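Q: Please show me how to read a few features of a protein model, one at a time.

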Amino acid sequence: MPTSLTEAQIRDIEVTSPEGLSSQQLVAAFEDADVKFSEANLRRYVQLGLVPRSRRVGHKGKHLGSHGVYPIRAVRRINTIKKLMAERYTIEEIQAKFLTFKDSIEILDEALEELLSAFAAKIDAEDPSPRRESLYGELRSLRSAADSLLSGVYRLEKLLIAGGGAVRPRGGGAASPTELL
């Protein structure tokens, strides 16, 4: 029985469900690949802050209610946890050492992309003109700065994690946590 999803399986889930997954869909994504995972595990990971919380999404129509949807990044996060656990790290070690900054970094990444996409849509709506071309130039410059910022943030995170005095997990495994993230 596999301990985690493959990169191809994760990409397939991301393509088919870009808006996120319900808890049942999230659990099914792992179970369909014969990876042991349950709703109880999901609830525990969320309570410990290892997996981002779901957001409520309403159904169109009168009195149809709403349901929780987990961001698609939850699939990768759960998969990383499964890999680390297979390397014999405890939940507490994973929580303390490896996922300290992940939520904030992912939120920053998503917020920057959302903001830059909104800027692009606003610029696209303008009539062709020198002003519009100037705005596109500014947008390209901002995208470059955002990419540079995120690259630096990821680099610093890896340096902080690697410098945390990580020891080889019980029973062998990866030499450092950054090999798995």
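A: Start with helix α7, which covers residues 130-162 and holds Leu156; helices (H or I, at least four residues) are DSSP runs numbered from the N terminus. This is a predicted model, in which local features need pLDDT of at least 70 and side-chain atom pairs count only at pLDDT 80 or more, while totals for chains, interfaces and linings use all residues. Residues are numbered from 1 along each chain as its sequence is written, and side-chain values use heavy atoms, leaving out hydrogens and water.

Q: Is Ala29 buried or exposed?
A: Buried means under 20% relative accessible area, by a 1.4 Å probe and protein chains only. Ala29, in helix α2 (residues 23-31), counts as buried because its relative accessibility is 15%.

Q: Which residues is Ala29 in contact with, leaving aside its neighbours within four places in sequence?
A: Contact means heavy atoms within 4.5 Å. With those neighbours left aside, Ala29 is in contact with Leu5 and Ile13. Ile10 is 19 residues from Ala29 in sequence, and their C-alpha atoms are 9.0 Å apart in space.

Q: What does Val35 touch, not counting residues up to four places away in sequence?
A: Val35 touches Pro2, Thr3, Ser4, Leu5, Phe30 and Lys82 when those residues are not counted. Val35 and Leu5 are 30 residues apart in sequence, yet 7.1 Å apart from C-alpha to C-alpha. Val35 is buried, since its relative accessible area is 1%.

Q: Which side chain has a polar contact with that of Glu106?
A: A polar contact is a pair of N or O atoms within 3.5 Å; within protein, one must be able to donate a hydrogen and the other to accept it, and residues adjacent in sequence count only if both atoms are side-chain atoms. The side chains of Glu106 and Arg77 are joined by such a contact of 2.7 Å. Glu106 is found in helix α6 (residues 102-124) and counts as buried because its relative accessibility is 17%.

Q: How many aromatic pairs are there?
A: Rings of Phe, Tyr and Trp (its six-membered ring) pair if their centres lie within 6.5 Å; planes under 30 degrees apart count as stacked, over 60 as edge-to-face and the rest as tilted. The count comes to 2. Phe30 and Phe37 form a tilted pair, 5.1 Å centre to centre with 50 degrees between the planes. Phe37 and Tyr45 also form a tilted pair, at 5.9 Å and 40 degrees.

Key:
Helix = DSSP H or I, 4+ residues; strand = E, 2+ residues; numbered from the N terminus. Buried < 20%, exposed > 50% of the residue type's maximum accessible area, 1.4 Å probe, protein only.
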